[in-house]
Amino acid sequence: MLAYVGFGCRVLLAVVFLAAAVSKVRSRRDRAAFSTSLAAFGVKARFRPAVAAAVITGELSTAALLAADVTALAGLALGAALLIAFMVAIGSVLRRGSPVSCRCFGASTQPLGRRHLVRNALLLLVAAAGATGTAPAVGWNPGALLVAGFMAVIVAALVISYDDLVSAVLPR
């Protein structure tokens, strides 16, 4: 059973990190907007392209590493490190009181808030749960694997749509 939980956690995180990276690179305008948004986090102009590239590369690498049993722990560790870095960056913006919009999954009108820290903390818990179930399972049950993967994709879609869901439930 733990192997299926671990698999589901890996799928969830892979989809979330892949969606985050793709939303930042789907067009030249999206790449530029993400790079520019780093100014609100205190990143100097000359470092923004490198920091943007590092974030995107980290997100893509996390998704790729989570795809295989042999690299899953490395993917979970990299994903956890990115989530912690994001939480530190979000925390610094919140302490300054700067109204910065979330560019986690592309353009958003929702400003960063404590809910983004909570979301990332929950994703950290998913990474920890994934680490407990990374041992390769002998004799995978295809039906259980399908259910775990399907549920993970549903939860990932909710995570990705988080800002839209919040604005629908809590209009300004």
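## Basis

The model is predicted: local features need pLDDT of at least 70, side-chain atom pairs count only at pLDDT 80 or more, and totals for chains, interfaces and linings use all residues. Residues are numbered from 1 along each chain as its sequence is written, and side-chain values use heavy atoms, with hydrogens and water left out.

Two packed helices are described by the angle and the distance between their axes. Axes are lines fitted to C-alpha atoms, for helices over the stretch in contact, with angles from 0 to 180 degrees between N-to-C directions. Helices are DSSP runs (H or I, at least four residues), numbered from the N terminus.

## α1 against α5

Helix α1 spans residues 2-25, and helix α5 spans residues 114-132. Their axes come within 7 Å and cross at roughly 140°. The crossing is left-handed (near helix turned anticlockwise from the far one by less than a right angle; clockwise is right-handed).

Contact means heavy atoms within 4.5 Å. From α1 come Leu-2, Gly-6, Cys-9, Leu-12, Leu-13 and Val-16. From α5 come Leu-123, Val-126, Ala-127, Ala-129, Gly-130 and Thr-132. Nine of these residues are nonpolar, three polar and none charged. Here Ala, Val, Leu, Ile, Met, Phe, Trp, Tyr, Cys and Pro count as nonpolar, Asp, Glu, Lys and Arg as charged, and the others, Gly among them, as polar.

## α1 against α6

Helix α6 covers residues 142-160. The axes of α1 and α6 come within 8 Å and cross at roughly 35°. This crossing is right-handed. Contact residues of α1 include Tyr-4, Phe-7 and Gly-8. Those of α6 include Ala-144, Leu-145 and Ala-148. The contact has 16 nonpolar, two polar and no charged residues.

## α1 against α4

The axes of α1 and α4 come within 11 Å and cross at roughly 50°. These helices are therefore oblique to each other. The crossing is left-handed. Arg-10, Leu-13 and Phe-17 of α1 touch Ala-72, Leu-76, Gly-79, Leu-82, Leu-83 and Phe-86 of α4. Seven are nonpolar, one is polar and one is charged.

## The largest pocket

The largest pocket holds about 440 Å³. A pocket is an open set of points on a 1 Å grid over the protein atoms alone, where a 1.4 Å probe fits, with protein on both sides within 12 Å along at least five of seven lines; lining residues have an atom within 4 Å of a point. Volume is the space filled by probe spheres set on the points.

Of the 27 lining residues, Phe-34, Phe-41, Val-55, Phe-86 and Cys-104 are closest to the centre. Helix α4 gives the largest share, six residues. The lining has 20 nonpolar, three polar and four charged residues.

How values were computed
Helices (H or I, at least four residues) and strands (E, at least two) are DSSP runs, numbered from the N terminus. Angles under 35 degrees count as roughly parallel, over 145 as roughly antiparallel, 65 to 115 as roughly perpendicular and the rest as oblique.
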